[in-house]
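Here is a short briefing on one protein model. Look over the sequence and the 3D view before reading on.

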Amino acid sequence: MSRLMDPPPKFLPPEWRLANQIHYGNAEAERSRSERLTAESKRLIEESGMAAKRMQQDANKRLDQRIHDIKFWRTELDQKLEEIVQEIEVLISFKSRVERALESCAEPLRVALQCLTERQRRVSIDLVHDDVERELMKEREVIEGVASLLNRTLEQTIEQIRLNRSAKYYLEKDLRDKFQAEQIDGFCSILTSASPNIDNVTSQTSLAVPGATVTPEEWETFSNINILKAEREKNNSLSLRALVDSLLEQTAADMRRQHNATGTALRLQVQETKTAKGQLEDHLVKVLSEVASQECNLEALRVAIEDKAGPLKVAQTRLSARSQRPSIELCHDPAQVRLLSEVQELTAHIKRLREAQAQSEMELLALTRSQLILEEEIQVKSHSLYIDEVICTQLRQPISIHSF
């Protein structure tokens, strides 16, 4: 029991000193580690501060460069957008010219068709396929061809305007995106550590690269493609405008030339018809004069025949009476010979007069038929002149083919 109550054994002095040495060594080691950590921390603080400043400066520089690049492409896009907008406006004016030209074809075509229809009302021999009809048919073909060509040109112009507007849309969209990107990058470039705006940004901002991110080369290529597309459509539009301008000038010249050719043919036909009508009227006057002359001749023949009837009856009566002479008195004397000769001659005269009368009557009938034919032809010519000189000429008179 007394053994259990003995005090614990004591350390020896060497052990005490050793323990102190150990404590000294541990404290010195801890202090050295602390000093090294402090020095390393100071170095890290300085290094991280310099790195943060350097990285922020580099980021600012790159943001400034990016803003400069965006401004450059915005300038390029703005210039190309202005060009394509102007080209769209000019092409729309050309479209209006083509539409007006197409509308201008309607009236000349209607007049040409109406003239052809009116000239079908000519009658008799005047219903002829003359130069006027040929020129009118050619004019109809020219106008229809011009209208068809203008329709195709109008479709091409509308399609080119659509393509120009498509290029304009992509330029505007690209400009809007770049304006927004410039605003964002401008905001980013003025941010500093002291900016209050950064307090609202979560510390959990993802550093992963979004899937929709493109490379700078792809970014430049995208804008360059939009510019090249706009340039291509602008060049196509310029070529189309040159074509439309030439086409409008050529079609107007073709229509004007054919219109003039038809008008010349119509004037010549009217003049020729008037000449023919005048000659027919001259012949009618002569025929009427000859009819009157022949009627006088017929009357003179009738009177001459009537005049010969009396002497013939006298001679015949004398012969009849002398045939009653008795016996030897029935002599063939000179008086008898003269009477017989007189009867024969008078009969011959009357026969010739009747033949002349018959011929005169036939000739009068022929002259009358010729008179009717001439009067009918004059009516035909008058009708044709009314159609050509009055109807067709008045229909065509307001038509004037101007440059479209």
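The notes below cover a pocket, a pair of helices and a record annotation.

This is a predicted model. Its largest pocket holds about 210 Å³ of space. Helices α3 and α4 pack with their axes 5 Å apart.

**The largest pocket**
- The lining includes R66 and I70, along with D174, D177, K178, Q180, A181 and I184.
- V214, E218, W219 and F222 also belong to the lining.
- Three helices each supply at least two lining residues: α1 (13–119), α2 (131–189) and α3 (216–322).
- Helix α2 gives the largest share, with six residues.
- By type, the lining has six nonpolar residues, five charged and one polar.

**Helices α3 and α4**
- Two packed helices are described by the angle between their axes and the distance between the axes.
- Helix α4 covers residues 334–396.
- The angle between α3 and α4 is about 165°.
- An angle over 145 degrees counts as roughly antiparallel, so α3 and α4 are roughly antiparallel to each other.
- The crossing of α3 past α4 is left-handed.
- The residues of this contact comprise 31 nonpolar, 19 polar and 19 charged.

**The annotated stretch**
- UniProt, in an unreviewed entry, places a "coiled-coil region" at residues 336–363.
- In the model, residues 336–363 are 100% helix and 0% strand.
- How far apart are the end C-alpha atoms of this stretch? They are 40 Å apart.

Note on methods: Residues are numbered from 1 along each chain as its sequence is written. This is a predicted model: local features need pLDDT of at least 70, side-chain atom pairs count only at pLDDT 80 or more; totals for chains, interfaces and linings use all residues. Side-chain values use heavy atoms; hydrogens and water are left out. On a 1 Å grid over the protein atoms alone, a cavity is a set of points where a 1.4 Å probe fits but cannot get out, and a pocket is an open set with protein on both sides within 12 Å along at least five of seven lines; lining residues have an atom within 4 Å of a point. Grid points are joined across faces, edges and corners, and a volume is the space filled by probe spheres set on the points. Helices (H or I, at least four residues) and strands (E, at least two) are DSSP runs, numbered from the N terminus. Ala, Val, Leu, Ile, Met, Phe, Trp, Tyr, Cys and Pro count as nonpolar, Asp, Glu, Lys and Arg as charged, and the others, Gly among them, as polar. Axes are lines fitted to C-alpha atoms, for helices over the stretch in contact, and angles run from 0 to 180 degrees between N-to-C directions. Angles under 35 degrees count as roughly parallel, over 145 as roughly antiparallel, 65 to 115 as roughly perpendicular and the rest as oblique. A crossing is left-handed if the near helix is turned anticlockwise from the far one by less than a right angle, and right-handed if clockwise. UniProt positions are given in the numbering used here, feature names are shortened, and annotations may be inferred rather than shown by experiment.
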